[in-house]
Amino acid sequence: MTNRENVDIEYKRVYVQELRKDIVAFANTEGGTLYIGINDDGSVAGVEDSDDTMLRLAGSLKDGIAPDIMPFVQIRAFEQENKVVIAVEVSIGSARPYYLKDKGLKPTGVYVRRGTSSQPLSEAGIRDMIVESYGKSYETCRSLNQELTFEAFQKEMAVREMECGAVQMRTLNMIGEDGLFTNLALLLSDQCEHTLKVAVFQGTDDVVFRNHQEFSGSLLSQLEEGYAFLDKNIAVKSTIEGLRRKEQRDYPIAAVREALLNAIIHRDYSFNGSTLVNIYDDRIEFVSLGGLVSGLSMEAVLMGVSQSRNACLANVFYRLKLVESYGTGIKRIKALYKNSQRQAVFESAPGAFKTTLFNLNFAEEPEIVTPYQPEAEKEIVMKLAASKGMVTRRDVEEALSVGASKAYSILTNMCNDGVLIMQKAGKRTQYVPVRQDGRN
């Protein structure tokens, strides 16, 4: 034993419950040994009742730290200078990050070793450690929030007469090997931190809002409530053919459902933004974060190739019979628009994916173009000139609602035609009508 504290050595004169943070720090970093009965300067103080101290210590570590840290901890007593010292040897854990249960999986509960001290780890550092320990799949990583409830999920399971206990949650990968909730559980929980935003715009651009709503809670709740909102805002066009009424919705409702499901299931939830649905008069746009899975091209997607970013989430939706099979959403949407004048459009950009469905009943109003009628313009100018005895360029601008160059061009042409004569009146130029006998 050295007589100085270090990155892997910590001294405690007496046992206190707060030393758990040092044990957590050792397990989260590179391991180390904590000695009880040693002063900060390395001198031996000893422990009076080593058996009782070791018993209390073991109970505190077992009950106060998660995941179970005991497989990586050895507690032993030895003599030093005729006094009893307790050594707590900690190996680096395989289920990092370890944390204090009463603080939770957040900076106040997660510690790492920095030099001779144990320091809180930032939220970004916690996420990085989770990825390092469990891989890059967001949904299988441990959730930072472990205080989760599942009313919406349990309701969906009950409707389908399916069990919803810890065993089923483990099977669905909502509970990891460490016995803690995963991010998949977070997404399906009532505390899901991601939202669905639906906006209804007036016209074909996003200048004027008609209505908008944000849906939160479990992704299952967002799907149900978001779909109901879309269904409510999709109109039905009725026409009469003979004695029968024919009705057609603005969008194939099955295509809307598939597009919404795809946006929710396949987005990248490591981003904090919302899933967006924008409704315009002529189209609906579904925008989800994350873009295509790495290595998958848009051409491949349109050919029917599928690679789910959230395989476990897709499996849950499949088991709940919310999707018929894996990777058929785009194919189904294309089939539903097969005979439509405007096909559904799928676009991918770095970090985002957009599906656009077009309104089957939308017809653009033809632009009314008034043909140019120079003779009509000249007639208006001649009447004005006759009533006033003359006319100026500004008079023509106001009468015809045209610019200065246009007014000058009309007056010049009328002078060339011999119906007006240009005259100077001081600084002002005026145009005088020619009488039928050729005089003015």
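**Helix burial, sheet architecture and helix packing**

Helix H1 (residues 20–28) is mostly covered, with eight of its nine residues buried (under 20% relative accessible area, with a 1.4 Å probe and protein chains only). The buried residues of H1 are Arg-20, Asp-22, Ile-23, Val-24, Ala-25, Phe-26, Ala-27 and Asn-28. The model is predicted, and local features require pLDDT of at least 70, side-chain atom pairs count only at pLDDT 80 or more, and totals for chains, interfaces and linings use all residues. Residues are numbered from 1 along each chain as its sequence is written, and side-chain values use heavy atoms, with hydrogens and water left out. Helices (H or I, at least four residues) and strands (E, at least two) are DSSP runs, numbered from the N terminus.

An open sheet of mixed pairing is formed by six strands in the order E10-E9-E13-E14-E16-E15, where pairing requires at least two DSSP bridges between two strands. Strands E10 (208–215) and E15 (345–349) stand at the edges with a single partner strand each, so one side of each is left without a neighbour in the sheet. Direction ignored, neighbouring strands of this sheet are turned by 15° against each other on average. E15 and strand E16 (residues 352–358) run antiparallel and are joined by five bridges; Ser-348 stands opposite Phe-353 in E16.

Helix H7 (residues 219–232) packs on the sheet, where it touches strands E9 (196–202), E10, E13 (275–279) and E14 (283–289). Contact denotes heavy atoms within 4.5 Å. The direction of H7 makes about 160° with that of E10; angles run from 0 to 180 degrees between N-to-C directions, and axes are lines fitted to C-alpha atoms, for helices over the stretch in contact. Helix H8 (residues 253–265) also packs on the sheet, touching E9, E13, E14 and E16, and its direction makes about 20° with that of E14.

Leu-230 is found in helix H7 and counts as buried because its relative accessibility is 1%. Leaving aside neighbours within four places in sequence, Leu-230 is in contact with Val-198, Val-256, Leu-260, Val-277, Ile-279 and Phe-286.

Helices H12 (residues 374–388) and H13 (residues 393–400) pack at an angle of about 125°, with their axes 10 Å apart. H12 is therefore oblique to H13 (under 35 degrees is roughly parallel, over 145 roughly antiparallel, 65 to 115 roughly perpendicular and the rest oblique). In this contact, Glu-377, Ile-380, Val-381, Leu-384 and Lys-388 of H12 meet Asp-395, Val-396, Ala-399 and Leu-400 of H13.

Technical notes:
Buried means under 20% relative accessible area, exposed over 50%, partly exposed in between (1.4 Å probe, protein chains only).
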